[in-house]
Each structure stands twice: as structure tokens, then as C-alpha cells.
Amino acid sequence: MRLTETADVWWKNAVVYCLDVETFFDTDGDGRGDLRGVSQRIDHLAELGVTCLWLMPFYPTPDRDDGYDITDFYGVDPRLGSHGELVELITLAQDRGMRVIADLVVNHTSDQHPWFQSARASRQSPYRDWYVWRDEPPPDADKGIVFPDQEKSLWEYDEQAGQYYLHRFYKHQPDLDIANPEVREEIQRVIGFWLQLGLSGFRVDAVPFLLDTAGALDAADLPDPHDYLRDLRAFMARRHGGAMLLGEVNLPYKDVRRFFGDEDGDELTMCFDFIGMQKLYLSLARSDPAELVKSLRERPDPPEEAQWGTFVRNHDELTLDKLTDEERQEVFDAFGPEESMQLYGRGLRRRLPPMLGNDLRRLKMAYSLLFSLPGTPVLFYGEEIGMGENLAAEGRNAVRTPMQWTATANGGFSIADPDRLAAPLPEGDYSPEHVNVAAQRRDPDSLLNWMKLLIQRYRECPELSWGRYTLLEHDSRSVFAHRSDYEDGTVIAVHNFADEPAHVALAVAGAGVGVQAVDLLSDGTADVGEDGVVELDLDPYGCRWLRLIRPGDRYIV
């Protein structure tokens, strides 16, 4: 393993952890989490094995869209803390070998942003052209609406401005005109500012919308929007050579591949694998990994220094929009049969444990799969302890409930009265009395300790992040098996998707003697026959990681 290469391209084997400052830990008793709270809980993340902390928006906001409606791209919401407290958090994270990235939400602003307030006030405003205006909405104004239960058009008439403005999301979030060179320059200044304060990159919100210039009147005459993404990446490289861009690009694989750039990977550093995630849930619903296997065969390789971001949950609804109507209904029937569990008819507003009936075997298998699949694993806060959702919360907020630290009042999140919390806690089997960090730290069989083991082994196996992966053929319908090879090392990962034992025979080595397959997640070994075949028995929802040890190898396993 070339350590200098690994250090330079740190995102290739990172463990990314996403959290919302507002719901993580409250230090001043106002019911809202704060930056000081994240700092006080940074050792929890370090013990878990997190190497990259992703902060959801912490900027000043009217908070009509959980902070994604921003009024100052250079500010810190005073309800969450200050610039000084943010820099302190970044420093504490870096002391523990952890980088910090943040959401970059520059597709739109809040309608309360000073830029928009100036733009709507006068056609002579220097900010008028920073937004997209028309005297009349186009004929297709109702096409491509992101929130169909909330909005009926992509264009909103503004009485003060006397024109319609474009908004891909909510009407209170007018779109910036990315075709305007002044807007592009301002976005670079925003990036440069936060890099200077210590961030190591950004998760870029809604990248296809950010690059969409279709709303501009002269869009046909504009250069390729991907040129702008390349410019942003080049700017970052000049300011901070090790900075990264993690893109939210929910498109078919062939279209997502363009956002990485050419073979040199000169656009996004990482892209989320939305297709693989959706096919994973379809496979879980069927207890058959065939659809996941199919997606991995179709997924294009990223450029050498780029990477896919893999996940089983994120901060939004669990979108299933790339499945067929019939496939989506299968997943709904298995994991969200009630209408209250669904959102926009295209996704689920649930966390994984309730979807899987809180079956610890199945949960452990799913996360074993996450950390062994090719790509960089991304966790959403609370996944490490198996938090559930609160369907009483509105929309996506069902999965954005406060972090559950202890079994005490408010789950140890805050000393405020419960009705003052930033969001209501889950009740029943997923309440803090039953699901919390403190209890799971003391339980060797807990999900938390399983996650720690997975992360430790993942970090110890460069094959999983740097290697070439190969899907392994076999005759067991419920088993997913693949191998990852890097330099002279090989790791085999095997997962049983069914609630019944499975036996599988895998050709993993060439003919010879003395090869062993050593378990990495538990004690044990499996002999590899002289024909290069290893035979494995798997428990219901069982999983095994095995390193091939050949005569003369000196691996510590």
C-alpha cells in the first residue's frame, strides 16, 4: 500500500459521518443543539472511527427548510454558535485525525437573503441578474417540481419585482442564476472563505440543479455547465490541494459519470451512489441480492482518484425514484406499507431499524455490506446505535430527531422542557430508554460495537477502498459474494440476504496448497482447497469477511 497516495487522496478510504448541529447535543439548555455540543461529543465520533465529519447547514436561516434556506453564505447561525466555535470544532476534529466538510447550498438562497431583497426591489439593483426572472412563466412551468405536495409551479410571481422568478425547490428559495459570471465568482469566494477557516471540502447540494442553466434566456449560447464545475475544482485545488467535493447527483449511472469529469477526475471528487442504494433496498425486500449485483455490474468505474459514496440512509427521504413503479411498490410493501411512512410517492421517511423490524442480525448484515462494498461509506447520525424515526414529525424531519445519548430525560440531548426541543424524539421501542449510546457502549453485542468493529476492519483493509472488486459466481440464490484485490492482498466478503442458513462454494484462488481464508469479523478460518475453492456456511442474515493468506504472507489478521 502506498501510504503517500492514501494520504493525498484521503476520501478514498474515509468514513464520513453526517450530522445536523441543531439535533446533535445542546449545551445551553435552549432545546437546540449547538457547535459547542458537537465539540463536546467529538470523542464519540473518534471512538467510532469517523475520519470525516460532514456538517449539515449551520448558516443563518429563517429555518423554513431545515437550514437549506440561507440568508448569509459567510455566516454562522447565532442560535448554533459563532465562527470561533466552529473553528474550535474543526481544530478538535483535526486533533483526532478527522477532517470536516460542510454543505455547500448555492443553487438557491432564502427569499430573505439581502441579495434577493435588493433584486426584487429594483430592476436596476446590482443583484437583479443574480436571479432568474421572466415576465411570463414558460409553458412547462409545472415540469420537474421537486416537492409536488407543496408547489405547483417552478415559477413564482413577485408583486414587488413585477416578474416571475425561478425556484427549483420551494417558492421561498429563489434560484441563483449560475449563468451569471458574477454569481460564479461569488460562489468561489464563499468556497475560499470556508476553506481558509479550516474546512476540507463540501458536500454539494443538488448538483444537477446547480449546473442547470435552462432558466436563462440565453441558455443556448452558454458554455458547457461542466466547465464551471471544473473551474470550481481547479479553484479548490489552488486554495487547498487536499479539499474534496462530494456531489448529490441522483441520475442514471451514465449521466452521473459525467460529473466526475474526464479520466483525470477534474470535476466532483465523489458522487453518491443513489442507484446502488435503491437496488440494495429492492434486494433486501426480496431477500435476494440479484438487483444489487446488477447495479454493481452496471456502475461505471470512477476516475482513479475519485470515489463513489455508498450509504444506506441519509438526511432526506429514502428516495426510490429510479425503481420502476412495480419495484417501488415492492419496497413500500416490505418497509413502508402505511401512507404516513411514504413521501411524495417516491420515497420513505423512515430509518433502517424500524424498516427491518429491529432485527439485529439483519441490521448487522446491512452495515457489513455497506463497509465492504466498493466505495466510501457515509453514515447519518444515529445509525451507529439503530435510531428510529418519528412519523409524527413533518416530512423529512421524521428522520432528523435528536441524537439519543442516554436513557435519561430527552435522551441526554438537552435539559430543556420536551416541548422546546428542536424536534420531537421517537417513542416506543425506539425511544431513548431503549436506544442510546451509553447502554450500547457497555454491551459487547450492540450495534454500536459492531459498527466500531466494521470501521476498524474497513480501515485495516486497503483492498476494500483501493482495490479492484470482482463479483463472485456461485449457486446460492440468497448470497452476495465479492472479492477486492489490491497489490498482494485479497479480501472476500460474503453476505446472506435470507432468514435461513446458506452454504456457498466460491472459487477464490488458483490451484495450490497452503492457502487459508482467515475471518476478520470473528475468530475462525476456512481452508481453501487445492482447487482454489472455499466452502462457507452462513447463518440466517450471516456475513463474513475473510482475508486470503498465502504461504509466506505476513499479514496481521
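1. Within strand E22, Leu546 is the bridge partner of Asp519. Asp519 belongs to the pairing between strand E19 (residues 516-519) and E22, which is antiparallel and runs over four bridges. The model discussed in this note is a predicted one.

2. E22 also pairs with strand E17 (residues 489-496), again in the antiparallel sense, here over five bridges. In this pairing His495 stands opposite Cys543 of E22.

3. How much of E22 is covered? The strand spans residues 543-549 and is mostly covered, with seven of its seven residues buried. In a regular strand, side chains alternate between the two faces of the sheet. In E22, one direction is taken by Cys543, Trp545, Arg547 and Ile549. The other direction is taken by Arg544, Leu546 and Leu548, and the residues on both sides are buried.

4. Leu246 has Met270 of E9 as its bridge partner.

5. Where is Asp63 in the chain? Asp63 lies in the loop that runs between strand E2 (52-55) and helix H4 (83-95). Asp63 has a relative accessible area of 28%, so this residue is partly exposed. Leaving aside residues up to four places away in sequence, Asp63 touches Glu22, Arg32, Asp69 and Arg79. Gly97 is 34 residues from Asp63 along the chain, and the C-alpha atoms of the two are separated by 32 Å.

6. A further sheet is open and has three strands, in the order E11-E13-E12, with antiparallel pairing. Its edge strands are E11 (318-319) and E12 (342-343), each of which pairs on one side only. E12 and strand E13 (residues 347-348) are joined in the antiparallel sense over two bridges. Leu343 has Gly347 of E13 as its bridge partner.

7. Two packed helices are described by the angle between their axes and the distance between the axes. For helix H14 (residues 360-372) and helix H16 (residues 447-460), the axes come within 10 Å and cross at roughly 20 degrees. Because angles under 35 degrees count as roughly parallel, H14 is roughly parallel to H16. The crossing of H14 and H16 is right-handed.

8. Which residues of H14 and H16 make the contact? From H14 they are Leu360, Leu363, Lys364, Tyr367, Ser368 and Phe371. From H16 they are Leu447, Trp450, Met451, Leu454, Ile455 and Tyr458. By class, the residues of this contact divide into ten nonpolar, one polar and one charged.

Notes: Residues are numbered from 1 along each chain as its sequence is written. This is a predicted model: local features need pLDDT of at least 70, side-chain atom pairs count only at pLDDT 80 or more; totals for chains, interfaces and linings use all residues. Side-chain values use heavy atoms; hydrogens and water are left out. Axes are lines fitted to C-alpha atoms, for helices over the stretch in contact, and angles run from 0 to 180 degrees between N-to-C directions. Angles under 35 degrees count as roughly parallel, over 145 as roughly antiparallel, 65 to 115 as roughly perpendicular and the rest as oblique. A crossing is left-handed if the near helix is turned anticlockwise from the far one by less than a right angle, and right-handed if clockwise. Contact means heavy atoms within 4.5 Å. Ala, Val, Leu, Ile, Met, Phe, Trp, Tyr, Cys and Pro count as nonpolar, Asp, Glu, Lys and Arg as charged, and the others, Gly among them, as polar. Two strands pair if DSSP finds at least two bridges between them. Buried means under 20% relative accessible area, exposed over 50%, partly exposed in between (1.4 Å probe, protein chains only).
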